[in-house]
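Please look through the structure below with the sequence beside it.

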Amino acid sequence: MESAVRIDSRFPQVGTTIFTVMSALAAEVGAVNLSQGFPDFQAEPVLFDALHRHMLAGHNQYAPMAGMPALRQAIVDKVASLYGTRFDVEREVTVTAGATQALFTAIAAFVRPGDEVIVFNPVYDSYAPAIETVGGTVVHAHLRFPDYAPDWSEVAALVTPRTRMIVVNSPHNPTGSLLSAVDLEKLAEIVRGTDIVVLSDEVYEHIVFDGAQHESLCAHPELAARSLVVSSFGKTYHITGWKIGYIVGPQALMAEFRKVHQFNVFTVHAPSQLALADYMQDAARHAALAGFYEQKRDCFLDLMAGTPFEWLPCRGTYFQLARYGHFSDLPDRAFAEWLAREVGVAVIPLSAFNHDGRDERVVRFCFAKREETLAEAAHRLKRAL
């Protein structure tokens, strides 16, 4: 139906996300989908049994706005155990409809028209639209290629009296890099004495490799006092479709967050929250995640041995970057489309994460897949390249 309303788009340059585009292309051409970041395997049946049990027990009405008390308590206990900071269960933790909602709501709560928000390129694609939706200005710092480390002198130079927020992401999607303890000290120096809020996207907090430690802002007292920290049950427990996450932070920041949360989401699916609260009682379920995905990363790289890609360091997340410029002159978007259509493997072009479209001839593979899925992708690549 043709609309009778003239639309002056607020975001004329924004189209469908690259994740949706590449997954749709994979489905269209029958490619192995290593593009969008979701597992193709199930969580443990005990989690589904718990969900069913709570549904049958009648827990099917609205949950409290901040989240079910049992789940909030489990979150507080987990964070205290891992990072040494115990948030107040009533005032400093909120269950959200996925991490993306938590990030958007945090930005909406603190960023006003004309405020500046510093993000790091390559940047996850939801940050800038959220900032621009509320009238903020996106300011781009850069992670240095090829190790994708921040340049804190650049960040310090970008801070102005209008800087309201800095968004950090570690382990980092799409690059797999990690912030170090030294990085957190540098960040603390930059924001010290300001009213800058730090928003920390830590959805891959349990997926770190090679003996590395996740440096959460929760564990840094000076930063924790001015930060909102986001995590995701979907990433941790292989249930991305449940769209449940959480955010923790000091009471004054959380009070502002909840003012927006109560009107744009209000609450999250009640029986799922109770199932997760039960499931979290066994800390081994998140403690084992690093080893689980490190094995998948290593399996993926072993299977891909013999392909011409140059594999960049992957220190966390379930994504692996690869350079291809030494054997193809195609821009990364064209190369990704060619891989899907002609080779039968779907990936994400890294330029989609760069605000200026900078193209370093790098693509992103997701290895959160069954071994047979990864093996089929490797077979197709070895046959064609």
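The sections below go through the basis of the report, a helix, a sheet, and then some single residues.

## Basis of the report

This is a predicted model, in which local features need pLDDT of at least 70 and side-chain atom pairs count only at pLDDT 80 or more, while totals for chains, interfaces and linings use all residues. Residues are numbered from 1 along each chain as its sequence is written, and side-chain values use heavy atoms, with hydrogens and water left out.

Helices (H or I, at least four residues) and strands (E, at least two) are DSSP runs, numbered from the N terminus. A residue is called buried under 20% relative accessible area, exposed over 50%, and partly exposed in between, with a 1.4 Å probe and protein chains only.

## Helix α1 and its buried side

Helix α1, residues 18-29, has 12 residues and reaches 16 Å from its first C-alpha to its last, which is close to the 16 Å expected at 1.5 Å a residue; the expected span is 1.5 Å times one less than the number of residues. Its buried residues are Ile18, Phe19, Met22, Ser23, Leu25 and Ala26. Because they cover an arc of only 160° around the axis, these residues lie on the same side of α1, the arc being that of the directions from the helix axis to the C-beta atoms. An α-helix has 3.6 residues a turn, so residues three or four places apart point the same way.

The buried residues of α1 pack against β1 (32-33), α14 (332-343), β12 (345-346), β13 (348-349) and β14 (362-366), where contact means heavy atoms within 4.5 Å. On the face turned away from this buried side, α1 carries the exposed residues Ala27 and Glu28. Just after α1, Gly30 takes a positive phi of about 75°.

## The sheet around β3

An open sheet of 8 strands has the order β2-β9-β8-β7-β6-β3-β4-β5, with mixed pairing; two strands pair if DSSP finds at least two bridges between them. Its edge strands are β2 (93-96) and β5 (149-150), each of which pairs on one side only. Strand β8 (residues 227-232) and strand β9 (residues 245-248) are antiparallel and share 4 bridges, and Ser232 has Gly245 in β9 as its bridge partner.

Within this sheet, how many of the residues of strand β3 (residues 116-121) are buried? The strand is mostly covered, with 6 of its 6 residues buried, and the covering extends to both faces, with Glu116, Ile118 and Phe120 on one side and Val117, Val119 and Asn121 on the other. β3 pairs in the parallel sense with strand β4 (residues 137-144) over 6 bridges, and Val119 stands opposite His140 in β4. The chain passes from β3 through helix α5 (residues 127-133) to β4 in a right-handed β-α-β crossover, a term that applies if, with the strands pointing away from the viewer, the path from the first strand over the helix to the second runs clockwise. β3 is also joined by 3 bridges to strand β6 (residues 163-169), to which β3 runs parallel, and there Glu116 has Thr163 as its bridge partner.

## Backbone exceptions

Most residues other than glycine have a negative phi, and most peptide bonds are trans. The peptide bond from Phe145 to Pro146 is cis, with omega near 5°, and Pro146 has its place in the loop between β4 and β5. Another cis peptide bond runs from Ser170 to Pro171, with omega near -10°, and Pro171 is found in the loop between β6 and α7 (181-191).

His238 has a positive phi, near 65°; this residue is in the loop between α9 (233-237) and β9 and counts as buried at 17% relative accessibility. Arg361 has a positive phi near 55°, lies in the loop between β13 and β14, and is partly exposed, with a relative accessible area of 26%.

## Cysteines and a buried arginine

A search of the whole structure finds 0 disulfides, a disulfide being a pair of cysteine sulfur atoms within 2.5 Å. For Cys314, the nearest cysteine sulfur is that of Cys366, 10 Å away, which is too far for a bond. Cys314 is buried, with a relative accessible area of 6%, and Cys366 is buried at 0%.

Arg72, in helix α3 (residues 69-83), is buried with a relative accessible area of 4%. Leaving aside neighbours within four places in sequence, Arg72 is in contact with Ala66, Gly67, Val89, Glu90, Val93 and Val95.
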